[in-house]
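Work through these exercises with the sequence and the model side by side. Try each task before you read its solution.

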Amino acid sequence: ACAPLWSQACGTSVFSTGVCAWVDGDLRPVEIIAPTAQRCSTYMDIVIVLDGSNSIYPWYEVQNFLSNVLSKFFIGPGQIQVGVLQYGEHAVHEWTLGRYQTAEEVVEAAKNISRQEGRETRTAFAIHQA
């Protein structure tokens, strides 16, 4: 038999922890099992490497795609952190990990990224910088 003691929110999931007990035929506890505390497993760092060269068009679709993807993450202290590096001829950190604390802040920042442009697309260089 198990009984939850409390629930813990982990992103969009809720985990309940509690105590389980082995009981005999008369429903008397024989052995108590206390599960260990669970840690949210949604923590990760994500750095998006964004091609801002002239080969990407139209730019508003990139902004919309980025905003849509970022809105799905549970962003917060001790949870997911997101950074964006845009590249073309140069690699520029639009923002670093931990700069924004909520998904709403990250989505708003993504809407305001302007395209770098340029004649070169230095993908390997940008990945190395990220």
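**Exercise 1. Find the residue in S6 that stands opposite Gln86.**

Solution. Step 1: look across from Gln86 to strand S6; the residue opposite is Val92. Step 2: know what a strand is here. Helices (H or I, at least four residues) and strands (E, at least two) are DSSP runs, numbered from the N terminus. Step 3: count the links. S5 and S6 (residues 91-95) are joined by 4 bridges and run antiparallel. Two strands pair if DSSP finds at least two bridges between them. Step 4: follow the chain. A hairpin of 3 residues leads from S5 to S6.

A note on the source: this is a predicted model, in which local features need pLDDT of at least 70 and side-chain atom pairs count only at pLDDT 80 or more, while totals for chains, interfaces and linings use all residues. Residues are numbered from 1 along each chain as its sequence is written, and side-chain values use heavy atoms, with hydrogens and water left out.

**Exercise 2. Decide which faces of S5 are covered.**

Solution. Buried means under 20% relative accessible area, exposed over 50%, and partly exposed in between (1.4 Å probe, protein chains only). Step 2: recall the pattern. In a regular strand the side chains alternate between the two faces of the sheet. Step 3: list one side: Ile80, Val82, Val84 and Gln86 are all buried. Step 5: check the total. In S5 (residues 80-87), 8 of 8 residues are buried.

**Exercise 3. State how S4 and S5 run, and trace the path between them.**

Solution. Step 1: S4 (residues 44-51) and S5 are parallel, with 8 bridges joining them. Step 2: pick an example. Asp45 in this pairing stands opposite Gln81 in S5. Step 3: trace the chain. The path goes from S4 through H1 to S5, a right-handed β-α-β crossover. Right-handed means this: with the strands pointing away from the viewer, the path from the first strand over the helix to the second runs clockwise.

**Exercise 4. Is Gln81 buried or exposed, and what is in contact with Gln81?**

Solution. Step 1: Gln81 is found in strand S5. Step 2: its relative accessible area is 10%, so Gln81 is buried. Step 3: list the contacts (heavy atoms within 4.5 Å). Neighbours within four places in sequence are left aside; the partners of Gln81 are Met44, Asp45, Ile46, Gly76, Leu97, Gly98, Tyr100 and Gln101. Step 4: take one partner. Gln101 is 20 residues from Gln81 in sequence, and their C-alpha atoms are 7.8 Å apart.

**Exercise 5. Classify the aromatic pair in the structure.**

Solution. Step 1: a pair of aromatic rings is described by the distance of the centres and the angle of the planes. Step 2: learn the cut-offs. Rings of Phe, Tyr and Trp (its six-membered ring) pair if their centres lie within 6.5 Å; planes under 30 degrees apart count as stacked, over 60 as edge-to-face and the rest as tilted. Step 3: the structure holds 1 aromatic pair. Trp95 and Tyr100 form it, at 5.4 Å centre to centre with 85° between the planes, which is edge-to-face. Step 4: both Trp95 and Tyr100 are buried.

**Exercise 6. Which backbone values stand out at Pro58, Leu27 and Glu117?**

Solution. Step 1: most residues other than glycine have a negative phi, and most peptide bonds are trans. Step 2: the Tyr57 to Pro58 peptide bond is cis, with omega near -5°. Pro58 lies in the loop between S4 and H1. Step 3: Leu27 has a positive phi, near 60°. Leu27 is exposed, with a relative accessible area of 67%. Step 4: Glu117 has a positive phi as well, near 70°. Glu117 is partly exposed, with a relative accessible area of 39%.
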